[in-house]
Amino acid sequence: MFKGIIFKEWIKLRWFLVIYAVFALLDLGYIFLKVRHDIIFNEANSYWYGVLFMGHQYFRFLKYIPLAGGIVVAVAQFFPETVNKRIKLTFHLPRKEDAMLLTMTGYGATCLLVVYLLVFGLFLLLSALFFPAEITSAAALSLTPWFLAGMAAYFLGALIILEPVWLYRFLYLVAAGAFVPFFLKAGVSGSYAPLLVPLAILVALLSISLLFSGYRFRKGEM
Amino acid sequence: MIRISRYILVLVTTLALSAVVPQMWWMAFDTPIRKPIVLYSCVENDFLIQRTGDKIVREDTRGNTYTREEYEERLPLFFMRQLMISGTMKDTINGVAMDVHEINMNRTFFNYQPTDLNTPDPGLWPLFESESGRANLEMPEDFFRITWRLEFINAKGNQISEEKSRKFSAALYNRGFEFPALMVAGIPTTRKSCDEGYFILDSHHQLFHLKMIKGEPYVKKAELPGEIRFSHIACVDFKDKKFYAYLFDNKGDIYILTQDEYELVKLPVGNFHPEKEELRIYGDIFHYNVIIGGNGFVRDVVLDKEYRKITEFNETWPVRSETNIGRWFAGLFPFQLSLSDDNSNYHNFYFSFSKGFIWLIVSVLLVIVQIVLIRKRGKLMGHVVDLALILATGIFGFIAVNIFQNKFFK
């Protein structure tokens, strides 16, 4: 049955994941095409100087891409479950309801993480071609909270979509809207270094948040 | 597990609200705290204070008030251009003839913000050619880093320049430099009058001066008196070329490092905390005006040209938490969270807790309201954690526990 659930989730997610991954990779391509172009036209030392001392963030076009990914995957995976309350079918299967929900979010989060790791890994690889470790690591420190924002948006998005009462759905949205900007503050490269571990812990904790709205759904909150 | 998931959501929401609600509060009610501008008049030998607000007031410490023109005439070296345009610039001040060239040569402006210290290190710096023979400085092709040696990385091709790296590493090593470096300080821009390279603290807190002269390394070790631990070095590019840098140590002292002699001179300006206080130093042909400003105070110390203290001015004013709006805030909210701090370029969880415990009254009221709200939902024991959270976090926790309602005991 576990395989069946995974397959069902895959059916829901596959095209969204593929399209999102292609979109994210195109964005990555644009970033490094622009870097290459600017280095050719402005000289590499001037470009490095701009990154090191003038606050130029060549990776800035990636800022909202992980966030968009988290929302897309949450909607693609959980919106169909709310249409005619289809998720109730899942709850009727001979498996613990919480385990079922955690399997679903675990699978969605893993898929999202795979795309994130692909994008992040490729970013590091391409950045290392043009820049020394100091520039690439500062960029990685700036990118990490954006990817954490994507994961937080996924978990909170799933929670909001599965919530059965519209009023609470709206209130959860307000709470999420207040929390997600924690990851997206503007700042110099590397400014998030002291905050990465606390934010990562909060996101990891949020991974079980879907259980709450799943419980309310099961209990028939209206 | 479901209950834990709820507590996680409540925790996250409490955190989010403790950042957003105070932000909204201050946006709606905050009033600007107008800091006085304090300068020392070489004409009056007194401090002149400009206070902004509904009406700009310019006064001295004896209570005399001045018009804008009178104020500028009493600060002739600060407003020289304006006075020359107005034709009111004096020919002599304190018996010294006012020569424009001499005034400009002695005029220095230095501005330090705590964010200069609390900021990520770039890790790479350009080492300029100090004696290229060209009129303007040119950006080098490579940048250096200091790890177990000094390495130059050529930007074109992102490759290490091995020969140059070896030459400069050896020069540092032969002068007693202990790798790696604790701090690299310089002025990494071509927009300066000349290049004086970098001041580098090695892993043993020794201070070295590194320059590149005609492609060759110039390394000089500055002999420091006693055990000094520098927390920040701010290099300067002044026309009078009297010193290389202002240096701050971890005991709150400010030093200068004299040009060519590498003599460390302590400025008698009292304690300075570079992690949270601003520093401005204005120099002219008579004085150095050292202005230290922090949260709710300013201290202006005047030094003569031999760095001896002449006089000092201190003023304090209520900080934001001591204003009426601040007191209201402290009465309503137990704390606030911010991800940014004016004194730092780093993002972090910056909590600031309200003074006093008046907010507890609001928290207790909210606990009572919550008890009324939940009385039909089951036993009170099932809500103890929620009530404790409201007591500790006030309105933030109250909103959070009511967004994610505790309905497990229905």
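**Salt bridges, chain contact and local features of a two-chain predicted model**

The structure holds 28 salt bridges over all chains, a salt bridge being a side-chain nitrogen of Lys or Arg within 4 Å of a carboxyl oxygen of Asp or Glu. The model is predicted, so that local features need pLDDT of at least 70 and side-chain atom pairs count only at pLDDT 80 or more, while totals for chains, interfaces and linings use all residues. Residues are numbered from 1 along each chain as its sequence is written, chains are lettered from A in the order in which they are written, and side-chain values use heavy atoms, without hydrogens and water.

Within chain B, B:Arg6 forms a salt bridge with B:Asp386, with the closest N and O atoms 2.6 Å apart. Because B:Arg6 lies in helix H1 and B:Asp386 in helix H8 of chain B, the pair ties together parts that are 380 residues apart in sequence; helices (H or I, at least four residues) and strands (E, at least two) are DSSP runs, numbered from the N terminus. B:Arg6 is buried at 0% relative accessibility, and B:Asp386 is buried at 2%, where buried means under 20% relative accessible area, exposed over 50% and partly exposed in between (1.4 Å probe, protein chains only). A salt bridge also links B:Asp195 to B:Lys192, with 2.9 Å between the closest N and O atoms, and both of these residues are buried. In the salt bridge of B:Lys241 with B:Asp237 (2.9 Å, N to O), B:Lys241 is partly exposed at 28% relative accessibility, as is B:Asp237 at 27%. Salt bridges that share partners join A:Glu134, B:Arg145, B:Arg149, B:Glu151, B:Glu162 and B:Arg166 into one network.

Between chain B and chain A, two salt bridges are counted. A:Glu134 forms a salt bridge with B:Arg145, the closest N and O atoms being 2.5 Å apart. The contact (heavy atoms within 4.5 Å) takes 47 residues from chain B and 48 residues from chain A. The two chains bury about 4100 Å² between them, 74% of it on carbon and sulfur atoms; buried area is the accessible area (1.4 Å probe) that two parts lose on being put together, summed over both. On the chain B side, B:Ile2, B:Asn158 and B:His347 lose the most area to chain A, together 16% of what that side buries.

Helix H9 (residues 395–403) of chain B is mostly covered, seven of its nine residues being buried. Among them are B:Phe396, B:Phe398 and B:Val401. The buried residues of H9(B) pack against helix H7 (166–179) of chain A, together with helix H1 (2–29), strand E24 (335–338), H7 and helix H8 (384–393) of chain B.

Several backbone features were also identified. Helix H1 (residues 2–42) of chain A has a kink of about 45° centred on A:Leu13, the bend at a residue being the angle between axes fitted to the seven residues ending there and the seven starting there. A:Glu43 has a positive phi of about 75° although it is not a glycine; A:Glu43 lies in the loop between H1 and helix H2 (44–53) of chain A and is partly exposed, with a relative accessible area of 37%. B:Lys214, likewise not a glycine, has a positive phi of about 50°. B:Lys214 is placed in the loop between strand E14 (207–213) and strand E15 (216–222) of chain B and is exposed, at 59% relative accessible area. A cis peptide bond joins B:Phe179 and B:Pro180, with omega about -5°.
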